[in-house]
Amino acid sequence: MATSDKDWMLRLQGGDTLAFNVLVEKYRAPVIHFLYRIVHETALAEELAQEVFLRVYRARTSYRPRAKFTTWLFRIATNVALNALRDGRMRRARETSLEGREETTGAPVEVADPEGSVEQKMLEAERRAQIRQAVEALPEKQRLAVLLHKYQELDYAEIAEILDCSESALKSLLFRAYETLRVRLRPLLGARA
Amino acid sequence: MSEHLREEEFIPYLDARLSDTERRRLDLHLADCAACRARRDELRALLGVLGEWEAVEPSPGFDAALQARLEEEAQRPVWFGLRPAYAVALAGAVVAVIGLLLWRSVPPTTGPPPVAQTPPEVVEPAPGGETPGLQAGDELAALDNPVLLENYELLEEFDILFEPAGKEEKKL
């Protein structure tokens with residue numbers, strides 16, 4: 001029988017530091033993806049992800065397996081991301097970013113084009129930028145709900161707990177968010193790049 | 001025609017997270033309602049389009065950076081990793097304890113208001129040479145005092161107590 005995340009956490013609580021590595025390995029990418037879609041900057045997303053895992057490590061002794069591990073983890077990630085947004089770290093990171101990446105889309109800027117035309121790549125980049133901007137323009141709670149639902153694929157109960165609302169309220173929240181996106185992104189709905 | 005889909009039903013419908021009964025009911029409505037059908041189709045297309053927004057993959061140095069931060073953390077004092085609220089509470093408690101200790105080590109500066117220093121009233125000897133310090137009645141009262149009574153024989157040696165009194169009184 002596979003070891004659950006809660007079991008790994010309890011092992012970590014008992015002093016098994018390898019259990020922490022297992023959790024990092026499993027959730028490194030999902031946490032970075034989630035944070036990246038909030039802060040839109042690679043280095044900052046990774047820095048914040050490290051902070052999330054540090055908090056998990058620090059909290060190992062007080063961890064109580066009341067909720068699903070992912071609920072707890074993404075609640076921490078949400079708090080860390082919102083703190084970063086509010087203390088201006090995101091703005092500073094954008095100002096100082098010297099990376100050779102197109103931070104608005106997350107895709108590397110490519111000069112050579114081995115698989116498609118430059119124009120095609122630019123169109124795809126433009127579509128991604130529109131999607132990012134449309135999601136970014138949502139009210140904070142709707143945006144988080146969409147990220148946790150669409151991209152992290154958490155279930156309704158988990159998202160509702162992370163966002164501190166009822167499941168019913170969450171479903172309405174998601175509907176309103178997707179309705180807004182449907183209107184804003186309507187030009188993209190009929191035609192794929 | 002049955003009721004339109006409610007807003008909290010659309011997303012679970014698209015996620016296929018409804019019970020069979022609920023799904024059949026909504027399917028029946030969708031078969032008859034072009035508006036709900038169009039909305040459903042656009043929302044379905046939207047979910048597909050949103051999937052085009054890819055996130056970055058973790059950099060190869062992520063684990064090493066995390067490990068470095070963990071090691072740095074291990075070298076810090078315990079209180080360094082406390083949440084700000086806990087750190088403030090801890091600092092407050094330390095200040096309170098130090099304050100209490102300081103307060104207890106300093107003699108109190110406040111107390112009962114100082115009594116005016118007036119010179120003791122000089123009692124003039126009564127006529128007849130009796131010292132009003134201890135009169136016959138006082139001697140009887142002294143005998144009621146257990147401390148004085150216990151040391152009566154010793155006190156008796158101090159003539160000043162009984163000097164003015166007569167011999168008879170002294171034999172009380």
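**View 1. Phe175(A) and Phe10(B) are both buried.** Buried here means under 20% relative accessible area with a 1.4 Å probe, protein chains only. These rings form a stacked aromatic pair, 5.2 Å centre to centre with 25° between the planes. Rings of Phe, Tyr and Trp (its six-membered ring) pair when their centres lie within 6.5 Å; planes under 30 degrees apart are stacked, over 60 edge-to-face, and the rest tilted. The pair crosses between chains, from helix α9 (residues 167-184) of chain A to helix α1 of chain B; helices are DSSP runs (H or I, at least four residues) numbered from the N terminus.

This is a predicted model, where local features need pLDDT of at least 70 and side-chain atom pairs count only at pLDDT 80 or more, while totals for chains, interfaces and linings use all residues. Residues are numbered from 1 along each chain as its sequence is written, chains are lettered from A in the order in which they are written, and side-chain values use heavy atoms, without hydrogens and water.

View 2. Tyr151(A) sits in helix α7 (residues 140-151) of chain A, and Trp53(B) in the loop between α3 and α4 of chain B. Both residues are buried.

**View 3. Glu42(B) and Arg182(A) form a salt bridge.** Their closest N and O atoms are 2.4 Å apart. The interface of chain B and chain A has 7 salt bridges, each a side-chain nitrogen of Lys or Arg within 4 Å of a carboxyl oxygen of Asp or Glu.

Methods. Helix = DSSP H or I, 4+ residues; strand = E, 2+ residues; numbered from the N terminus. Buried < 20%, exposed > 50% of the residue type's maximum accessible area, 1.4 Å probe, protein only.
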